[in-house]
Amino acid sequence: MILRSATVIDGTGSAAFGNGEITIEDGVIRSVGKAAEKPPEGGRLVDFGDATILPGLIDGHVHLQFDAGATTPEVVHRHTFATDAELAMRALGNAQQALGAGVTTVRDCGGRLDLNTQVRAAIDSGEAAGPRVLVSGAPITTTSGHLHWCGLIADTEDEIRFAVRRMAQAGVDFIKVMATGGGMTPISNALRPQYSREALTALVEDARRLNMRVAAHTLAADGCEYAIDAGVSTFEHFRWSVDGGIDYRPEAIDRFDFANQSINSTYTSFDRDRFSAYSCLDDVPKESTDELRDRYWFIRDAADRGATVTTSSDSGVPNAAFGSFALSVIAGMVAMAVSAELAIAQATSLQAKAIGISDEIGSIEPGKRADILVVEGDASANIFALRKPVAVFRDGREVVRDGRLEILESERALAIAAD
């Protein structure tokens, strides 16, 4: 298959180029470059005209089992009192909404125990359409701690190590720990760490022994610093909050392992909804974009010091519906004061590297899996084009066209049809 479009953004952060052509064979990108006058013989040409081809988006922080209700009590109630079957169906539906909006990979950062491994298996087997799913299982938290209602409580170092092993044995892709309290659990304290530096170090050591990365929920300043020193892989939110504001500590950033640690900045409803009524950045009131940029000054400083910053949505939490990740990418472009190409890289290749799958996906380069998004217009000139998906490919197969989800036929279904 040969895909052509007026604009190609390869996801590496490099400038977009025009009149592009991507050749795909057996689900893998074989070549990328300027369109030839004639396509190779035997290939099927799909010309998207004035559209942009870019890598499928990667949302590195979602909660597939949450329903994005209007309030925290609603979301918690509908999770706590749902059956496993109800949560699995909700998770699959949310994953499909994300795929329809051009998100070809999601990293689930916490739900009920190991339930989402079943959702991942259904998609991987072809029994259900959906994006690639990376699963953490339940987040490790303290008694009465943030998201304790997901079911994985560990207070002592021995309990923490057991919790890591429990999730690893269940087949998760990475470990999630609540290094601080959070807003989804009012009884917890978002301004204080939940674990000591030593406890987090023990958790990371055991996860590394099992070849697993660790994502740490970090809202409080002390929790951010403890997580840096413990060696966690990704810092979710990374807010540095204290009573009265932000206590950002640049000296802690200087202890970063820049090759193996990264910041996953989550732009949820408060950040991204300001863009929903507009079709280009120039139309958004300057006071709104200035306010957003001012609130993320410390993450820009961390990036200036060498830290990799990626973009995610926290979809599933209150008012953060699935299917709107494009708005989070727009918010990331504004908050980080970067180009459209770099904003897209923060939601594709840089995210893939941060979560450990950059050998497979994240950019339009030869040898990568053909997870591709096609959007209307030139996304390098107007990033709001990401809100208008034309087609979505997973492993070189078109799974979404004009917002309609195609059914992925499994080998079993094809065999039944053949009979």
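**Aromatic pairs**

I began with the rings and found that the structure holds 13 aromatic pairs. I took Phe, Tyr and Trp rings (for Trp, the six-membered one) as paired if their centres lie within 6.5 Å; planes under 30 degrees apart count as stacked, over 60 as edge-to-face and the rest as tilted. I looked up Phe-238 and Trp-240: their ring centres are 5.3 Å apart and their planes stand at 75 degrees, so the pair is edge-to-face. Phe-238 also pairs with Phe-256, again edge-to-face, at 6.2 Å centre to centre and 70 degrees between the planes. Phe-238 lies in strand S11 (residues 234–242) and Phe-256 in the loop between helix H7 (250–253) and strand S13 (262–266), so this pair ties together parts 18 residues apart in sequence. Helices here are DSSP runs of H or I with at least four residues, strands are runs of E with at least two, and both are numbered from the N terminus.

**A note on the model**

I am reading a predicted model, where local features need pLDDT of at least 70, side-chain atom pairs count only at pLDDT 80 or more, and totals for chains, interfaces and linings use all residues. Residues are numbered from 1 along each chain as its sequence is written, and side-chain values use heavy atoms, leaving out hydrogens and water.

**Cover around the rings**

Are Phe-238 and Trp-240 buried or exposed? Both are buried. I use buried for under 20% relative accessible area, exposed for over 50% and partly exposed for what falls in between (1.4 Å probe, protein chains only). Phe-238 has 1% relative accessibility. Phe-256 is buried too, at 6%. Ring pairs link a cluster that includes Phe-235, Tyr-248, Phe-258, Trp-297 and Phe-298.

**Positive phi**

I then checked the backbone. Ser-144 is not a glycine, but its phi is positive, near 65 degrees. Ser-144 sits in the loop between strand S8 (132–135) and H4. Its relative accessible area is 34%, so I call Ser-144 partly exposed.

Asp-314 is not a glycine either, and its phi is positive at about 60 degrees. I found Asp-314 in the loop between strand S14 (308–312) and helix H11 (325–336). Asp-314 is buried, with 11% relative accessible area.

**Ala-70**

Where is the place of Ala-70? It is in the loop between strand S6 (57–62) and helix H1 (72–80). Ala-70 has a relative accessible area of 47%, which means partly exposed.
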